[in-house]
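Work through the two exercises below with the sequence and the model in view. Each task is followed by a solution in steps.

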Amino acid sequence: MTDQGIQPDYRFSLANERTFLAYVRTALALDAAGLAVAQFLTDLGPTWLQNTVAIALVLAGTLVAIGAYRRWAANDAAMRRGAPLSASSMPLGLAIGAALMVA
């Protein structure tokens, strides 16, 4: 990514990186929650339900990590081209996922 376009202001690059790292922390938290459900939440009900919840959390963490990188790369490329940043549906997806998990 660094060899195309102009070098953006470092403050914007660092803000983009901080956002990426925040999404990675969220992904790691989802993975840890999946592991915790699989290992410690044995009274959730049937084993298949415990496994389903654990796998769903780990898959959500994987999707957030992949989405975080894609968003970082797209924002970096847009800043280098001087183009507007694209909108992301990741915050909405995370909010809906969190609401479903606590419901």
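**Exercise 1.** At what angle do helix α2 and helix α3 pack, and how far apart are their axes?

*Solution.* The model is predicted, with local features needing pLDDT of at least 70, side-chain atom pairs counting only at pLDDT 80 or more, and totals for chains, interfaces and linings using all residues. Residues are numbered from 1 along each chain as its sequence is written, and side-chain values use heavy atoms, without hydrogens and water.

Step 1. Helix α2 covers residues 47-81 and helix α3 residues 90-102. (Helices are DSSP runs of H or I, at least four residues, numbered from the N terminus.)

Step 2. The packing angle is about 165 degrees, and the axes are 12 Å apart.

Step 3. α2 and α3 are therefore roughly antiparallel (an angle over 145 degrees).

Step 4. In α2, V53, L57, V64, G67 and A68 meet M90, L94 and M101 of α3 (contact means heavy atoms within 4.5 Å). By class, this contact has 7 nonpolar, 1 polar and no charged residues; Gly counts as polar, and Ala, Val, Leu and Met as nonpolar.

**Exercise 2.** How many residues line the largest pocket, and which lie nearest its centre?

*Solution.* Step 1. The lining consists of 15 residues, and L30, A60, G93, L94 and G97 lie nearest the centre.

Step 2. α2 and α3 are the elements that give two or more residues to this lining. The largest share, 7 residues, comes from α3.

Step 3. Sorted by class, the lining has 11 nonpolar, 4 polar and no charged residues.

Conventions. Axes are lines fitted to C-alpha atoms, for helices over the stretch in contact, and angles run from 0 to 180 degrees between N-to-C directions. Angles under 35 degrees count as roughly parallel, over 145 as roughly antiparallel, 65 to 115 as roughly perpendicular and the rest as oblique. On a 1 Å grid over the protein atoms alone, a cavity is a set of points where a 1.4 Å probe fits but cannot get out, and a pocket is an open set with protein on both sides within 12 Å along at least five of seven lines; lining residues have an atom within 4 Å of a point.
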